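Hi,

Here is the structure I said I would pass on.

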Amino acid sequence: MASPPVPLQARELADWLADAQRPRPLLLDVREEWEFEHCHLAGAMHVPMAQIPMRMGELGDAADIVCICHHGVRSLQVAHYLVRQCQGKVFNLQGGVEAWAQDVDPAMPRY
């Protein structure tokens with residue numbers, strides 16, 4: 001049985017991304033186009049939630065995938081789906097981009 005998605009706090013992700021010794025995860029933003037255009041984490045791959053099943057091949061063989069949405073609910077659903085598909089180690093950004101803006105990057109636009 002696959003491991004459940006790992007909850008990840010915004011500050012933990014920021015520390016991970018700042019650690020040059022640690023391989024960078026695939027940042028998978030599953031929000032809608034307008035949301036992604038409004039704000040997103042640098043380097044994030046955008047695949048709206050509804051398109052995940054048909055675009056699985058684009059995820060490649062990422063060892064670590066961090067699922068991201070606005071508040072962490074849609075991304076958790078995608079994370080559970082990815083776990084069932086055996087896609088590497090899957091993390092869910094708790095609180096989503098809202099938590100990132102609040103805890104890591106106050107200059108990030110919010111909505």
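This is a predicted model: local features need pLDDT of at least 70, side-chain atom pairs count only at pLDDT 80 or more; totals for chains, interfaces and linings use all residues.

The structure holds 2 aromatic pairs. A pair here means rings of Phe, Tyr and Trp (its six-membered ring) with centres within 6.5 Å; planes under 30 degrees apart are stacked, over 60 edge-to-face, and the rest tilted.

Residues are numbered from 1 along each chain as its sequence is written, and side-chain values use heavy atoms, leaving out hydrogens and water. Helices (H or I, at least four residues) and strands (E, at least two) are DSSP runs numbered from the N terminus. Buried is under 20% relative accessible area, exposed over 50%, and partly exposed in between (1.4 Å probe, protein chains only).

By those cut-offs, tryptophan 34 counts as exposed because its relative accessibility is 53%, and tyrosine 111 counts as partly exposed at 31%. Back at tryptophan 16, arginine 22 lies over the ring face, 3.8 Å from the ring centre. (The test is NZ of Lys or CZ of Arg within 6 Å of the centre and within 35 degrees of the ring normal.)

Now the strands. S4 (residues 64–68) has 5 of its 5 residues buried. In a regular strand the side chains alternate between the two faces of the sheet. In S4 both faces are covered, with Asp64, Val66 and Ile68 on one side and Ile65 and Cys67 on the other. S4 runs parallel to S2 (residues 26–29), joined by 4 bridges, and parallel to S5 (residues 89–93), again with 4 bridges; strands pair if DSSP finds at least two bridges between them. Leucine 28 has cysteine 67 as its bridge partner in S4, and isoleucine 65 stands opposite valine 90 in S5.

What packs against these strands? The buried residues of H3 pack against S2, S4 and S5, contact meaning heavy atoms within 4.5 Å. H3 (residues 73–84) has 12 residues and spans 17 Å from first C-alpha to last, close to the expected 16 Å, which is 1.5 Å times one less than its number of residues. Its buried residues are Ser75, Val78, Ala79, Leu82 and Val83. They sit on the same side of H3 because they cover an arc of only 140 degrees around the axis, taken from the directions from the helix axis to the C-beta atoms. Exposed Val73 and Arg84 are on the face turned away. After H3 comes cysteine 86, with a positive phi near 60 degrees.

Lastly, H4 is largely enclosed by the rest of the structure, because 6 of its 8 residues are buried: Gly96, Val97, Glu98, Ala99, Trp100 and Ala101. The buried residues of H4 pack against H1, S4 and S5.

Cheers
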